[in-house]
Amino acid sequence: MPSSSTFSTIYINKPRRFYKIRKFFFITVLLLSLGTSLEARELKEYKATRPYLGAYVTIQCFYEADQESLAAEAIQKCWGRMDQIQQEMNAYAQEGDVAEINRNGPQGVRVRQDVYRLLKDSLHFAQLAEGAFDVTVFPLVELWKDAEAQGRFPDQAELKAARDKVGYQNLRLEEPDRVVLAKPGMKVDLGGIVAGFACDEIAAILGSYGIKDFLVDTGGEIFCRGKNKGSEPWLVGIQDPQDKQGILMTIELNDSCASTSGNYEKFYTIEGTSLSHIIDPVSGYPQKDIISATVIAKSAELADALSTALCVMGSEKGMALIRRLDSVEALIIENKDGVTRKTQTEKFP
Ligand code: AMP
Ligand code: MG
């Protein structure tokens, strides 16, 4: 996968841009045809995209010319943090804390504080979503991946065996840093939350260096703060799940985050059928009805966990959960029995 970066000088009040949330594909920057006005003050722009965790991560920020060296340090720290997250929180890595949990979980494993905190948050989200979000889903993820590789559906015995190894109630966290997987064969997969976590981490680093205007996209999870080009709102286009070229709607993000999950870009194909990569931990089957769920929240981690959970919960239960939460909005597009339906919270932008 390619990576690219640019440092450039820009002047505020240039044409407006907006982003399109797309899992796994390049973030497409589209130019909206708004006129150019006079240049006012000099700003520097940094923008780079690199592959991480099976997606493309983009960091874009604007800063004053005299912040140059601080910004360079901040950006270096951000990419270093991404390297670390990819290493420590990745179920597919050979080394790192999650790999170690999945190897030696039954005996108990001591982990880094950030991994422990993310697992603790994951348990909180599992309770909130009544088990629809469950980071112990990995045995089922592996089952469906293997089924795809073998080109056949898993049988009932295989499904039951994998289902028996799933259950957040058996993920034990012992303060300050010990993780125990209380059932044999259990494994964790932070894939439903780690991109949001990473987004928040990068935003925190940029903020700690005094960078006030930025967009971070970790592959479907987006955190925006301040202004685009010093004066314009950050506009994020939500891709129409039924038309790859189309934009369903454009939302403005400022000091807020958006995450989209769905069954239209990441899926398994078995015997010609496309199956969502989001699995119902209780039935053991990939979720079917939700084409996409977009959540807007103050933290990308929360938005990420909830957008995954909504795909399993469906629109009724899912929206009931969202309405109980403060400062969280959601849009769900589902297709049931051939009928497409859009449901959104009243304040969804
Ligand atoms: P996302 O793209 O954020 O919705 O995350 C999807 C990924 O989360 C999948 O590729 C799996 O690795 C993992 N996953 C699948 N089903 C679940 C679930 N029910 N709860 C938590 N994580 C899941
Ligand atoms: Mg998610």
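I took a pocket to be an open set of points on a 1 Å grid over the protein atoms alone, where a 1.4 Å probe fits, with protein on both sides within 12 Å along at least five of seven lines. A molecule sits in one if more than half of its atoms lie within 2 Å of its grid points. By this rule I find that the space taken by ligand 1 is the largest pocket.

I note that the model is predicted, with local features needing pLDDT of at least 70, side-chain atom pairs pLDDT 80 or more, and totals for chains, interfaces and linings using all residues. Residues are numbered from 1 along each chain as written, chains are lettered from A and ligands numbered from 1 in written order, and side-chain values use heavy atoms, without hydrogens and water.

**Ligand 1.** I looked up its shell (a heavy atom within 4 Å) and found 17 residues, with Asp189, Ser261, Ile279, Asp304 and Thr308 the closest. Among the polar contacts (N or O pairs within 3.5 Å), the side chain of Asp189 has an N or O atom 2.4 Å from a ligand oxygen. A backbone N or O atom of Ile279 lies 2.8 Å from a ligand nitrogen. I read an accessible area (Shrake-Rupley, 1.4 Å probe) of 500 Å² for ligand 1 alone, of which the protein buries 95%.

**Magnesium ion (ligand 2).** I list its protein donors (N, O and S atoms within 2.8 Å of the metal, water not being among the atoms) as Gly192 (O), Asp304 (O), Asp304 (OD) and Thr308 (OG1), at 1.9 to 2.4 Å. I place Asp304 and Thr308 in helix H7, four residues apart, about one turn; helices are DSSP runs (H or I) of at least four residues, numbered from the N terminus.

Terms used:
A polar contact is a pair of N or O atoms within 3.5 Å; within protein, one must be able to donate a hydrogen and the other to accept it, and residues adjacent in sequence count only if both atoms are side-chain atoms. On a 1 Å grid over the protein atoms alone, a cavity is a set of points where a 1.4 Å probe fits but cannot get out, and a pocket is an open set with protein on both sides within 12 Å along at least five of seven lines; lining residues have an atom within 4 Å of a point. Donors are N, O and S atoms within 2.8 Å of the metal (3.2 Å for Na, K and Ca); water is not among the atoms, so sites may look incomplete. Helices (H or I, at least four residues) and strands (E, at least two) are DSSP runs, numbered from the N terminus.
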